[in-house]
Amino acid sequence: MIIASLSDAARYEKLNPLFKRAFDFVRGADPASLEPGPHVLEEDALVVMVNEPVMKKPEKARMEVHDRFIDIHVPLTREEGFAWKDRSALEKPSEPFNTEKDAQHYDDAPDTSFAVKPGQFAVFFPEDAHAGCIGEGALRKLVIKVRTA
């Protein structure tokens, strides 16, 4: 997992060959003009989702994992709460792994929680169980799905 400022994103671009293109999109985008929904930058490899969820209380958040994709979360309009736990410590799956959605949810309690503010981002690798959209009110955010290298 990585939590950092967007101004420092270039430091992390070497971790995956698609990270530079993802962060270039974020740097060049006008968040207010982005249409909600998916923006495919490279089919089955790099997709920017513009989401507008209503945030939830921590007890309603479910841990999520992925196999094929890394998630980069970028809150645009307000602070977003997250929960985290090492995937290897998960014990309570709430469903089988969905290969089509590349996701599985768990009912385990997180080991830690933190907030990410506009101007920052969080990266979750396949070994990172995570839950986002924790807080109150509506949120506009980017979730960038990056195929693992």
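Me: Two strands pair if DSSP finds at least two bridges between them. In what order do the strands of the open sheet of 6 strands stand?
Reply: This is a predicted model, where local features need pLDDT of at least 70, side-chain atom pairs count only at pLDDT 80 or more, and totals for chains, interfaces and linings use all residues. Residues are numbered from 1 along each chain as its sequence is written, and side-chain values use heavy atoms, without hydrogens and water. Strands (E, at least two residues) and helices (H or I, at least four) are DSSP runs numbered from the N terminus. The pairing in this open sheet is antiparallel, and its 6 strands have the order 1-9-5-11-3-2.

Me: Why is one side of strand 1 and of strand 2 left without a neighbour in the sheet?
Reply: Strand 1 (2-5) and strand 2 each have a single partner strand. One side of each is therefore left without a neighbour, because both stand at the edges.

Me: Which residue of strand 11 is the bridge partner of Ile72?
Reply: Strand 5 and strand 11 form an antiparallel pair over 7 bridges. Strand 5 spans 69-75 and strand 11 spans 141-147. In strand 11, Ile72 has as its bridge partner Ile144.

Me: At about what angle does helix 1 run to strand 5?
Reply: Helix 1 (residues 19-28) lies across strand 2, strand 3, strand 5, strand 9 (120-124) and strand 11. Angles run from 0 to 180 degrees between N-to-C directions of axes fitted to C-alpha atoms, for helices over the stretch in contact (heavy atoms within 4.5 Å). Relative to strand 5, helix 1 runs at about 20°.
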